[in-house]
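Hello,

My notes on what was found follow it.

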There are 2 protein chains.
Amino acid sequence: MLTINLSNAKSFVSDEELASYLPKLEDADRKLREGSGKGSDFLGWLTLPEQYDREELTRIKAAAKKIQSDSKVLVVIGIGGSYLGARAVIEFLRSPQYNLLPKDTPEIYFAGNNLNADAANEIITLIGDRDFSVNVISKSGTTTEPAVLFRVFRELLVKRYGEKGAASRIYATTDKARGALKTLATAEGYESFVIPDNIGGRYSVLTAVGLLPIAVAGIDVDALMDGAHGAMEAFKEKGLDNPAWAYAACRNALLAKGKRIELLACYDPAFRFMAEWWKQLYGESEGKDGTGIFPASVDLTADLHSMGQYIQDGARCLMETVVHIGRSNTRLRVPDDAQNLDGLNFLSGKDLLEVNEQAFRGTILAHVDGGVPNMVVNLEEKTEKALGEMIYFFEYACGLSGYVLGVNPFDQPGVEAYKKNMFALLGKPGYEDRARELAARL
Amino acid sequence: MLTINLSNAKSFVSDEELASYLPKLEDADRKLREGSGKGSDFLGWLTLPEQYDREELTRIKAAAKKIQSDSKVLVVIGIGGSYLGARAVIEFLRSPQYNLLPKDTPEIYFAGNNLNADAANEIITLIGDRDFSVNVISKSGTTTEPAVLFRVFRELLVKRYGEKGAASRIYATTDKARGALKTLATAEGYESFVIPDNIGGRYSVLTAVGLLPIAVAGIDVDALMDGAHGAMEAFKEKGLDNPAWAYAACRNALLAKGKRIELLACYDPAFRFMAEWWKQLYGESEGKDGTGIFPASVDLTADLHSMGQYIQDGARCLMETVVHIGRSNTRLRVPDDAQNLDGLNFLSGKDLLEVNEQAFRGTILAHVDGGVPNMVVNLEEKTEKALGEMIYFFEYACGLSGYVLGVNPFDQPGVEAYKKNMFALLGKPGYEDRARELAARL
C-alpha cells in the first residue's frame with residue numbers, strides 16, 4: 001500500500017504543528033463522509049471504487065475490445081478532466097511513447113483540448129486512411145473545444161463510413177439523461193457511458209471518462225479499480241498515520257509558513273501527465289477565494305538541470321512532493337568501459353534503478369539543505385494497482401486539504417470567466433451586451 | 001519583427017513605474033555590451049547570430065545530410081541546455097508528433113536526460129534493427145546522465161557496426177579542446193562540434209548544441225540564425241520601445257508588487273517544450289540568492305480547464321506572459337451542423353484560428369479582471385525566422401532582467417548540490433567524507 005514519508009519536512013514543521021491540524025482534519029473528514037460540507041453534491045468519487053456500476057464496466061471493456069478489433073486509431077475528444085486523467089494513466093502505465101511503440105492495441109490521440117488548427121490537422125494526417133473510432137467526452141456536449149472538434153471528426157467518420165457506420169464508431173461519455181451530447185447519442189444510437197452527476201471532471205478518471213480510453217490502451221481497469229478500492233479502505237483510518245491526513249496537514253502547515261508553491265516531482269519521465277492531472281486536481285480544488293497552493297511540477301533528474309538552480313537557491317517559497325516508485329518495470333546495467341575517460345566505472349554493472357534511487361536520495365537532502373521541505377509519496381511499483389492507490393490517495397487528500405484550507409474543493413466558478421468573454425467576442429447569440437463592453441476595452 | 005504589448009499590465013504597473021527602471025536597464029545593457037557585469041565570461045550568445053562560425057555551420061548541415069541519408073533514427077544524448085533547446089525547436093517548428101508524422105527525415109529521440117531504465121529501454125526498442133546515429137552533447141563528458149546513456153548507446157552501436165562503423169555514426173558536441181568527451185572524440189575520430197566556452201548551456205540552442213539535431217529534423221537553420229540576427233540588430237535600441245527592455249522592466253516591476261510567479265502561456269500545444277526551455281533560461285538565470293520569479297507554464301486553451309480556476313481566482317501572486325502567434329500553419333473550418341444541438345452554429349465556417357484568437361483575447365481580459373497582469377509577446381508566424389527572433393528576445397531580456405534584479409544571470413552554483421550527494425551515495429571515489437555524513441542523516 002502507498003505510504004508517505006514526512007521525515008524531510010520535519011525540520012520545517014514539527015510533530016506538534018502537524019498534530020494541531022487534527023481537529024480540522026477530523027472536521028474535514030466528517031464533512032466528506034457525511035456530505036455536510038460545501039460542494040457536497042460532488043462526493044461520488046469517495047466511494048466510487050466500491051460502488052461503481054459493474055454492468056457499465058463490463059460494457060466499457062466490451063467497447064474497448066470492439067475498438068481494438070475494428071480500429072487502428074482511437075480519437076478521444078475532451079478537455080480538462082475529460083482528457084488529463086486518461087492521457088496521464090496511459091502515458092504512465094504504458095508509455096509517453098505509447099503511439100510509437102510496438103503494440104496490439106490502437107493508437108490513441110487526444111483532440112478537442114485546444115483550438116489550434118495545426119494540432120487538429122496533424123491528428124487527421126496521423127489517422128490517414130486507417131480505420132478509427134471516436135470517444136467524445138462531455139457532460140453537456142456544448143463545451144466549445146470538444147464540441148467543435150467533435151464536429152470535425154464526426155464529419156470525417158460520416159464521409160468514410162456513412163451515417164450508420166459513423167454512429168457505430170462513436171462512443172459518447174456524457175450525462176445519463178440530459179444535454180446536447182446525450183440527445184444526439186440517443187437519436188443516433190451511439191453507445192453511451194455515464195459521467196455521474198456527483199463526480200466533477202477532475203475527480204472522474206476512474207469513471208467511464210477515463211476508463212474507456214484506458215481500457216482501449218490495454219490497461220487492466222479491474223486492477224486499477226482494485227488499487228483504488230484498497231486505498232479507499234486503508235485511508236478510512238483517522239489520524240496522522242493515515243498518509244492522506246498527513247499529506248493534507250503537512251502541506252497546509254507549510255503553506256501557513258509561506259511555502260506558496262508545491263512542486264510535484266518524479267524520477268520517471270512517464271509521470272509527466274500524471275503531474276498535469278495532479279495540477280488540475282489541486283489547483284482547481286484549492287485555487288480560489290484568493291488563496292491556494294500553486295501547483296507546479298518537475299521531471300527529475302532532467303529538470304535538476306533546468307529548474308534545479310531555482311529549487312536549490314531561488315525564492316524560498318517552495319515545498320516539494322516526490323512521487324517515488326519502488327522499482328522500474330525494466331532493467332538496464334551501466335556498461336563497463338576499460339578506458340574510463342568519463343570516470344564512471346564506479347557505476348559499472350549497477351542497474352540504472354540504483355543510480356536513479358541515489359539521485360533521488362541525494363536530491364532530497366540537497367533540497368532540504370537549501371530550505372525546501374520534502375514530502376515523499378511511495379508507490380511500490382509502476383502497476384495498475386499502485387496507480388489506483390495513488391489516484392485515490394491524491395483525490396481524498398485533496399478533499400481533506402481543501403476543507404482544511406477553508407474553501408469549497410468541489411466547485412470551479414473561475415473557469416466561466418474566459419468562456420463568457422470568448423463567446424461575446426465570437427458573436428454568440430445572447431452575449432451582445434458583453435460584446436459591446438469588451439469592444440470598448442479592446 | 002517580434003513585438004510586445006503591455007497594455008494589459010498597465011493597470012498594475014504605471015508608465016512612470018516602468019520608466020523608473022530605465023537607469024537600471026541602461027546599466028544592465030552596458031554590463032552586457034561591455035562585459036563589465038557578473039558572469040561576463042558567458043556573454044558569447046549576445047553577438048552569436050552575427051559572429052558564429054560559418055565553417056562549422058556548413059559542417060553541421062553536411063553532418064545532418066549524412067545522418068538523414070544513413071540513419072532512420074538519431075539519438076540525441078544530453079541534459080538541461082544540451083537537450084531542451086533542440087527538443088523545443090523541433091516540437092515547435094515540426095510537431096510534438098514529429099516522430100509519428102510522415103516525413104523524409106530521421107526520427108529523433110532524446111536520451112541521457114534522466115536515469116530511468118524504462119525510458120532508455122523504450123528508445124532501444126524504438127530503434128529496433130533500424131540504422132541509427134548518436135549525437136552526444138556534453139561540455140565535460142562526465143555529467144552522469146548523458147555519460148551513462150552514452151555508454152549504453154555507444155555499446156549498441158559498436159555491437160551493430162563494429163568500432164569503426166560506430167565511430168562514423170557518433171557526433172560529439174563538446175569542448176573545443178579539453179575534457180573526457182573531447183579526448184574520446186579525438187582518439188576515436190568522431191566528428192566533433194564545439195560548445196563555445198563563453199556560452200552557458202541554457203543559452204546554447206543556437207550553437208552546435210541545438211543546431212545539429214534541429215538540422216537533422218529538416219529545419220532551416222540559416223533562417224533560424226537570420227531571425228536571431230534580425231532581433232539582435234533590432235534590440236540594440238535603448239529605451240522602453242525595445243521589447244526586451246520593456247519585458248525586463250515590467251516583470252521586475254510586477255515582482256516588486258508581489259507577483260512572484262510568471263506563467264508563460266501559448267495557444268499552440270506545439271509550444272510546450274519552448275516553455276520548458278524558457279523555464280530553464282529564466283529559472284536558472286534568476287533563481288538564486290533567495291530571489292527570482294518562479295517560472296511556470298500553461299498550454300492554452302487546454303489548461304484553462306485545469307489551471308484556469310487558479311489563474312482566475314487563486315492566490316494573487318501571478319503574472320502571465322502570452323506568446324501569441326499571428327497565424328497557424330494550417331487551416332481548419334468549423335463544420336456546420338443542421339441540427340445544431342451544441343448551439344455552435346454561430347461558429348460554422350469560421351477558421352479555427354479565429355476561434356482560438358478570440359479565446360486568447362477573451363482570456364486576457366478575464367485574467368486582468370481577476371488580478372493577473374498580462375504581457376503579450378507577438379510572433380508573426382510559426383516559422384524559423386520568427387522563432388529565431390523569439391529565442392534572441394528571451395535570451396537578451398533574461399540577461400537584462402537578471403542584472404536589474406541584482407543577480408549573476410550566468411552562473412548556476414546550486415546545480416552542484418544534488419550531484420555531490422548523489423556521487424557520495426553511489427560510492428564515487430573522493431566522496432567518502434560526504435558519504436559518511438549523509439549515511440548518518442539517512
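This is a predicted model: local features need pLDDT of at least 70, side-chain atom pairs count only at pLDDT 80 or more; totals for chains, interfaces and linings use all residues.

**Backbone exceptions**

Asp289(B) lies in the loop between helix H12 (272-286) and S8 of chain B. Residues are numbered from 1 along each chain as its sequence is written, chains are lettered from A and ligands numbered from 1 in the order in which they are written, and side-chain values use heavy atoms, with hydrogens and water left out.

Although Asp289(B) is not a glycine, its phi is positive, at about 55°. Asp289(B) is exposed, with a relative accessible area of 61%. The classes used are buried (under 20% relative accessible area), exposed (over 50%) and partly exposed (in between), with a 1.4 Å probe and protein chains only. Asn340(B), also not a glycine, has a positive phi near 55°. Asn340(B) sits in the loop between S9 and H14 of chain B and counts as partly exposed at 26% relative accessibility.

There is a cis peptide bond from Leu300(A) to Thr301(A), with omega near 0°. In chain B, Leu300(B) and Thr301(B) are joined by a cis peptide bond with omega of about 5°. Thr301(A) is in the loop between strand S8 (294-299) and helix H13 (308-313) of chain A; Thr301(B) is in the loop between S8 and helix H13 (308-313) of chain B.

**Sheets**

In chain A, five strands make an open, parallel sheet in the order S3-S2-S4-S5-S6. Pairing requires that DSSP finds at least two bridges between two strands. Strand S3 (107-111) and strand S6 (191-194) of chain A are the edges, each pairing on one side only. From one strand to the next the twist averages 20°. Axes are lines fitted to C-alpha atoms, for helices over the stretch in contact, and angles run from 0 to 180 degrees between N-to-C directions.

Strand S5 (residues 170-174) of chain A pairs with S6(A) in the parallel sense over four bridges, and Tyr171(A) stands opposite Glu191(A) in S6(A). Helix H4 (residues 54-70) of chain A lies across strand S2 (73-77), strand S4 (132-137), S5 and S6 of chain A, at about 135° to S6(A). Helix H6 (residues 117-127) of chain A also packs on the sheet, where it touches S2, S3 and S4 of chain A, and its direction makes about 160° with that of S3(A). Contact means heavy atoms within 4.5 Å.

In chain B, S7(B) and S8(B) pair in the parallel sense over six bridges, with Asp299(B) in S8(B) as the bridge partner of Cys266(B). Strand S8 (residues 294-299) of chain B has six of its six residues buried. Phe294(B), Ala296(B) and Val298(B) point one way from S8(B), and Pro295(B), Ser297(B) and Asp299(B) the other way.

**The two copies**

**Charged side chains**

Over all chains, a search finds 70 salt bridges, each a side-chain nitrogen of Lys or Arg within 4 Å of a carboxyl oxygen of Asp or Glu. One of them joins Asp342(B) and Arg151(A), with the closest N and O atoms 2.6 Å apart. This pair crosses between chains, from the loop between strand S9 (318-325) and helix H14 (352-369) of chain B to helix H7 (residues 144-167) of chain A. Both Asp342(B) and Arg151(A) are buried.

Glu262(B) and Arg251(B) form another salt bridge, at 2.9 Å from N to O. Glu262(B) is buried at 0% relative accessibility, and Arg251(B) at 1%.

Leaving aside neighbours within four places in sequence, Lys428(A) is in contact with Phe423(A), Gly343(B) and Phe346(B).

Regards

Methods. Helices (H or I, at least four residues) and strands (E, at least two) are DSSP runs, numbered from the N terminus.
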